[in-house]
Amino acid sequence: MNATITLDAAHPQAKVHKEIYGHFSEHLGRCIYGGLFVGKDSPISNDGGVRLDVVEALKNLEVPVLRWPGGCFADEYHWRDGVGDPAKRARMVNTNWGGVVEDHSFGTHEFMHLCRLLGAQPYVNGNVGSGTVREMAEWVEYLNSEGDSTTARERWHNGSKEPFHVRYWGVGNESWGCGGNMRPEYYADEFRRYQTYCRDYSDDRLYRIACGPNTDDYHWTEVLMQQAGKYMDALTLHYYTVPGKEWSHKGSATVFDTETYYTTLRKAARMDELIRGHLAIMDRYDPEHRVGLIVDEWGCWHDVEPGTNPGFLYQQNTMRDAMVAALTLDIFNRHADRVVMANLAQMVNVLQAVILTDGEKLLLTPTYHVFDLYRPHMDALSLNCSIVTDEAALGVAGITASSSCKDGVITVTCSNLSATENAQLLVRLDGAASKTCSGRILTGEMSAYNDFDAPTRLTPTELCGIRSTEQGYAFTLPACSVAALSFHG
Ligand code: AHR
């Protein structure tokens, strides 16, 4: 396969919101407990119970924003159960996820501590489904008020005189499903009511996020924008890549054939169509583009690993997942003008995680490495890039790419989606003086993965053999690979 990627380096476009590289952590399986939080008394090195090896690895990704506590869990979470003396915190059964006991040892203060350690902005998702307006209003007050109220004093008493200055605020999650099975007309009214009492404190302005559609539910978007658009800062979209034909048979994370590989990529590529479809509706009600689109749950959803709790959503992560991540992040980058945040589901040990843990062991998944390769795009100005290729593999473009520019450095991320065929690539920088080029690459068989016996089987290496020619920069991109090129000078 031959492909030419041409960048328009002379006309930088919208800023790629770094929040596109955000993550999601739910009280689900071993994401929080065991993954991010082990408790102060754990033999695993921790700071206030937060796992330090995981934090170290995540700090390298410069995580911009972290969503919590759910997910479906958010609409059953009552925040006061998770503050105060841990020994006295309420116990509940996590009916959404595996029926395990939730002891609330990880609550508001622990989440804020985790965000501080990561240097990430907190994105808190409030409870509409089974909570009350008062409960949500008081959570915002507890987090952000500098005033001398009983609720703010509760926070002082629990160890934080300083408010937490939370900006991103979700009003319900999947209110069309696990968050209350509401009709869009009903949720639109609920959103208007709840957000009214989520106050701004001091100079902080709360960024109010409304629950948006599932996949291609365009009716939901229409109703929400029409009836509540002016009260929201952003609307969410949830879209998961499920390779199988049925929800009950999503397919193995590691054992799949080439046809399923391409089906997975085709399904992932649908993200572009969905973003365009929802934005077209949003634009009719918000021609000035004040309301952002947030894809706060995305990623591959496979069958759980054999022998694990079906409610824990623990799955392995192969090169196929890496290709889905690259394809999706390229789509987000190309919609930099309107997609203001995205949150991969989920951060550790759940769904398309960037880190897997097993007791004290930890490994970085191929998806982690894609996020690492894409880091330079954060807060860079996007550059238009066109791709001309002589082949489309089974309905998926053979090559995906996106590009951006920051501090005089141009970054191009590009992937060869073919499972079998190497690509000869030419990258042309229109409107830029000649530069030196270097690159890193992640490559492997489509079903290769890192496990605890071989945790570094898949790791990025230097991309060798880049030649500067009269036409542009030429190199071979092996089958099933993701590369990041930097142009300096
Ligand atoms: O990420 C797992 C679940 O997927 C979330 O809890 C829910 O919002 C979605 O259906």
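Reply: H289 sits in the loop between helix 7 (258-285) and strand 12 (292-300). Helices (H or I, at least four residues) and strands (E, at least two) are DSSP runs, numbered from the N terminus. The model is predicted, so local features need pLDDT of at least 70, side-chain atom pairs count only at pLDDT 80 or more, and totals for chains, interfaces and linings use all residues. Residues are numbered from 1 along each chain as its sequence is written, and side-chain values use heavy atoms, with hydrogens and water left out.

Now the backbone of that loop. H289 has a positive phi, near 60 degrees, although it is not a glycine. Most residues other than glycine have a negative phi. H289 is partly exposed, at 39% relative accessible area. Buried means under 20%, exposed over 50%, and partly exposed in between (1.4 Å probe, protein chains only).

E174 also has a positive phi, near 40 degrees, and is again a residue other than glycine. E174 lies in the loop between strand 9 and helix 5. With a relative accessibility of 13%, E174 is buried.

Next, the helices. Helix 7 is one of the elements packed against the buried residues of helix 6; the others are helix 5, strand 10 (207-210) and strand 11 (234-241). Those buried residues are W220, T221, V223, L224, M225 and A228.

How do helix 5 and helix 6 pack? Their axes lie 9 Å apart, at an angle of about 40 degrees. Axes are lines fitted to C-alpha atoms, for helices over the stretch in contact; angles run from 0 to 180 degrees between N-to-C directions. The pair is therefore oblique. Under 35 degrees counts as roughly parallel, over 145 as roughly antiparallel, 65 to 115 as roughly perpendicular, and the rest as oblique. The crossing of helix 5 past helix 6 is right-handed. That label applies if the near helix is turned clockwise from the far one by less than a right angle; anticlockwise is left-handed.

Helix 5 brings P184, E185, Y187, A188, F191 and R192 to the contact, and helix 6 brings H219, W220, V223, L224, Q227 and A228. Contact means heavy atoms within 4.5 Å. By class, the contact residues are eight nonpolar, two polar and two charged. Ala, Val, Leu, Ile, Met, Phe, Trp, Tyr, Cys and Pro count as nonpolar, Asp, Glu, Lys and Arg as charged, and the others, Gly among them, as polar.

Helix 3 (residues 133-144) spans 17 Å from first to last C-alpha, close to the expected 16 Å. That expectation is 1.5 Å times one less than the number of residues.

Helix 2 has a partner too. Helix 1 (residues 52-59) crosses helix 2 at roughly 45 degrees, with the axes coming within 9 Å. That makes helix 1 oblique to helix 2. V55, L58 and K59 of helix 1 meet L114, L117 and L118 of helix 2. Five of these contact residues are nonpolar, none polar and one charged.

H104 lies in the loop between strand 7 (101-102) and helix 2 (108-118). H104 is buried, at 0% relative accessibility. Leaving out residues up to four places away in sequence, H104 touches Y33, Y77, D81, G82, R89, A90, R91 and M92.

A74 lies between strand 5 and strand 6 (92-93), and is buried at 1% relative accessible area. Beyond four places in sequence, A74 touches P69, N125, G126 and N127. A74 and G170 are 96 residues apart in sequence and 9.7 Å apart, C-alpha to C-alpha.

P69 belongs to the loop between strand 5 and strand 6. The W68 to P69 peptide bond is cis, with omega near 5 degrees. A cis bond also joins A345 and Q346, with omega about -10 degrees. Q346 is in the loop between strand 13 (339-345) and strand 14 (355-358). Most peptide bonds are trans.
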